[in-house]
Amino acid sequence: MDSRSTFSSRMGLVLATAGSAVGLGNLWRFSYVTGENGGAAFVVIYIICVILLGIPCMVGEFIIGRSQGANAVRAYAKLPKANNWWGLVGALGVLTSIVILGFYCVVAGWCLHYLGCALADNIPATSAESAAYFKNLNENTWYPVIWGIVFLLLTHVIVRFGVKNGIERVSKYLMPVLLFLLFVLMVAACSLPGAWRGVKFLFQPDWDCVNVNTFIEALGQAFFSLSLGMTCLCTYASYFDKGTNLVLTANQIAILDTMVAILAGLIIFPAAFAVGVQPDSGPGLVFVTLPGVFHTAFSEMPTMGFVISVMFYALIVLAALTSTISMHEVGTAFFTEETKLSRPAAAWIMTIITVIITIPCALSQGLVPQFSVLGMDLLSFLDTMSGNYFMPIGALLSCAVLGWIVPSDYVRREFVGSQPRLAVLFLPLIILLRFVCPIFIIVVMLSKLGLL
Ligand code: TRP
């Protein structure tokens, strides 16, 4: 059965999993969250969160997925000593992936629209113009809806072809292109006059900006960026073969993902500072602040401005696509294995459910402002809900099941696999999964709720 095939090579496996991790989280979210939280100090805390919490949780999801070789719901339910109730953790993962995919496609759709604008060479030139442009795009046109759906269909087409022929094959082509674009753009942005101030912002810590909130943001960003807490990596790991070194893989993904985020910072901040734009303009950074930046920065070389803009939006679109396929796969694997449907039919179910979320999310951005919950537009509401509640709860329960429910001999055997050298790392892993990660996640959740 194709859905239970494995990745065909280690390279493909790493690129596909890194593709899941590298996405809007690195290019769009990391830059504005860093901008809002004081730059370098945030980056340092972020890296600590990745090492201490991100990597162990990732290894945990890998263990669950690979040991069961099944979709998330079945994988959690079938763990030794777990019962069907634990399947609900997998179900929460499937639900979260649908929700995140739903609104992620809206943002990815904006990127697609801007890529079109860049290609047609009519990117708004100044920040004021682009603010008006972005507002008009959302309030008066159907483009966000259309592009969001187009993006989802693009994802659908890839996932439909399965793990080897769809996801792995596409990742093998897209990831190298993505890294190449990133590198060229970084060189271009850093060579602008005044760019050093952006580099300094990213690398020179200002510890005065740090408070409890910085830690909360850093943890949330680490989980989002590494695709943790919604069984996405557990689903991918179900396609790993038993010889895969889980620690090495998790480290490689974490390093690649962090590198991409920092490289993206080295594009965005130098470019923003070079033209005198503030880096803390929030989620609109990439769509409101940045579109004109490259044109202004390269105003003496218009062709260069054009090429750089196209490359920048192409980069974001590719990064988003390798992430949306991983979210889509969570549901597609579930529907394929738990119903009698073929993989293409299961993929359609996933796409149709998702589109029901994507459309109102896109409309809530301006065309139908009534689509709002608790004073937030639907997109921000779902983003907040999934980031603040679903993902931390998912991650917490994953740590709990491995740390406290599943017999530790079993966890050890699955962790070590065919790599006896890993045995020494088992104790630190189990301590992190049992105590450090859950405590940290609970503290963060309570303080987000204002209870601490
Ligand atoms: N990690 C991706 C990003 O940085 C987004 C993503 C893909 C994700 N799969 C996920 C986030 C699973 C949370 C859970 O953009």
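## Pocket, patch, salt bridges and cavities

Guide: H16 gives the largest share of the lining of the largest pocket, 8 residues. The model is a predicted one, in which local features need pLDDT of at least 70 and side-chain atom pairs count only at pLDDT 80 or more, while totals for chains, interfaces and linings use all residues. Residues are numbered from 1 along each chain as its sequence is written, and side-chain values use heavy atoms, with hydrogens and water left out.

Visitor: What makes a set of points a pocket and not a cavity?

Guide: Both are found on a 1 Å grid over the protein atoms alone: in a cavity a 1.4 Å probe fits but cannot get out, whereas a pocket is an open set with protein on both sides within 12 Å along at least five of seven lines. A lining residue has an atom within 4 Å of a point. For the largest pocket, 27 residues meet that condition, and Arg-29, Glu-217, Gly-387, Asn-388 and Lys-448 lie nearest its centre. Two or more lining residues come from each of helix H2 (24-36), helix H10 (212-225), helix H16 (378-405) and helix H18 (426-448). Such helices are DSSP runs of H or I with at least four residues, numbered from the N terminus.

Visitor: What is the volume of the largest pocket, and how is its lining divided by class?

Guide: The volume is about 490 Å³, taken as the space filled by probe spheres set on the grid points. The lining has 14 nonpolar, 8 polar and 5 charged residues. Asp, Glu, Lys and Arg count as charged, which means that Arg-29, Glu-217 and Lys-448 carry that label. Gly counts as polar, so Gly-387 does too.

Visitor: Which residues form the nonpolar patch on the surface?

Guide: They are Trp-404, Ile-405, Leu-427, Ile-431, Phe-435, Val-436, Ile-439, Val-443 and Leu-452, with about 840 Å² of accessible area together. Patch residues have over 30% relative accessible area and no salt bridge, and nonpolar side chains are joined within 5 Å. H18 gives the most, with 6 residues, and H16 also supplies at least two.

Visitor: Why is Ile-439 called exposed?

Guide: Exposed means over 50% relative accessible area, buried under 20%, and partly exposed in between. Ile-439, in helix H18, has 51% and therefore counts as exposed.

Visitor: How do you know that Glu-338 and Arg-74 meet in a salt bridge?

Guide: A salt bridge needs a side-chain nitrogen of Lys or Arg within 4 Å of a carboxyl oxygen of Asp or Glu. For Glu-338 and Arg-74 the N to O distance is 2.9 Å, so the pair qualifies. Because Glu-338 lies in helix H14 (residues 302-338) and Arg-74 in helix H4 (residues 72-78), the bridge ties together parts that are 264 residues apart in sequence. Glu-338, at 37%, is partly exposed, and so is Arg-74, at 34%. The whole structure has 5 salt bridges.

Visitor: Why are Glu-168 and Lys-172 said to be separated by about one helical turn?

Guide: The two are 4 residues apart in helix H8 (residues 162-190). Glu-168 is buried at 1%, whereas Lys-172 is partly exposed at 37%.

Visitor: What makes Arg-343 and Glu-329 buried?

Guide: Arg-343 has a relative accessibility of 7% and Glu-329 has 0%, so each falls under the limit for buried. Their closest N and O atoms are 2.4 Å apart, in a salt bridge. This pair links helix H15 (residues 343-363) with helix H14, across 14 residues in sequence.

Visitor: How many cavities of 30 Å³ or more are there?

Guide: There are 3. The largest has a volume of about 130 Å³ and 16 lining residues, with Ser-20, Tyr-104, Phe-224, Ser-227 and Met-327 nearest its centre. That lining holds 8 nonpolar, 8 polar and no charged residues, and H14 gives the largest share, 3 residues. The second largest cavity has about 50 Å³. Its lining includes Cys-57, Glu-61 and Leu-433, and H16 gives the most, with 4 residues.

Technical notes: Patches are made of residues with over 30% relative accessible area and no salt bridge: like charges are joined within 9 Å, nonpolar side chains (Val, Leu, Ile, Met, Phe, Trp, Tyr) within 5 Å. Accessible areas come from the Shrake-Rupley method with a 1.4 Å probe; for residues, only the protein chains shown count as cover. Buried means under 20% relative accessible area, exposed over 50%, partly exposed in between (1.4 Å probe, protein chains only).
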